[in-house]
Amino acid sequence: MRKTYGTGSVWEQSLGYSRAVQVDNTLYISATAASGPDGIVGDDFYSQSKYILEKLGTVLADAGFSYEDVVQSKLYLTDISKWEDAGRAHGEVFGEIRPTLSLVHVLPFLDPQMLVEIELVAQKSTN
């Protein structure tokens, strides 16, 4: 089984991607930024990470998954020296769940106000 999920973003159509793709019991979520209806939300690594994780919670729920199902998390940071700020927001959500984690230093994103993107993989147990 393969199912796609979108958010209605114009980028999804023009770039040809989905916010998330479910294959059987695994959900792959595209790297997500702190973009809101009025632009980028937050002006620091903590607030952007916190906002993104809230957005991703909605994506997970829409697909019938939860934070507890997340097995892999990747944080893309434009300034690796701010990893603790982004990591604090991540730890507030995943502290007890403890998925695998990658912290990746990247060049600036398309919008220079974007400081962080987060990508997740979630998997439901087959038990």
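Tutor: A charge sits over a ring if NZ of Lys or CZ of Arg is within 6 Å of the ring centre and within 35 degrees of the ring normal. Keep in mind that this is a predicted model.

Student: What makes Lys124 count as sitting over the ring of Phe65?

Tutor: The charged end of Lys124 is 5.0 Å from the centre of the Phe65 ring. The distance limit is 6 Å. Arg88 sits likewise over the ring of Tyr46, with its charged end 4.0 Å from the centre.

Student: How many aromatic pairs are there?

Tutor: One aromatic pair is counted.

Student: Why is the pair of Tyr67 and Phe94 called edge-to-face?

Tutor: The ring planes stand at 90 degrees, so the pair is edge-to-face. The cut-off for that label is over 60 degrees. The centres lie 5.7 Å apart, and pairing requires them within 6.5 Å.

Student: How do you know whether Phe94 is buried or exposed?

Tutor: Its relative accessible area is 2%, and buried means under 20%. So Phe94 is buried. Tyr67 has 24% and is therefore partly exposed.

Student: What lines the largest pocket?

Tutor: It has 22 lining residues, with Trp11, Tyr17, Arg19, Ala33 and Ser35 nearest its centre. Its volume is about 590 Å³. Helix 2 gives the largest share of the lining, three residues. By type, the lining has twelve nonpolar, six polar and four charged residues.

Notes:
Residues numbered from 1 in each chain as written. Predicted model: local features only at pLDDT ≥ 70, side-chain atom pairs only at ≥ 80, totals over all residues. Heavy atoms only, no water. Phe/Tyr/Trp six-rings, centres within 6.5 Å; stacked < 30°, edge-to-face > 60°. Buried < 20%, exposed > 50% of the residue type's maximum accessible area, 1.4 Å probe, protein only. 1 Å grid on protein atoms, 1.4 Å probe; cavity = no way out; pocket = protein on both sides within 12 Å on 5 of 7 lines; lining within 4 Å. Points joined across faces, edges and corners; volume = space filled by probe spheres on them. Helix = DSSP H or I, 4+ residues; strand = E, 2+ residues; numbered from the N terminus. Nonpolar A, V, L, I, M, F, W, Y, C, P; charged D, E, K, R; others polar.
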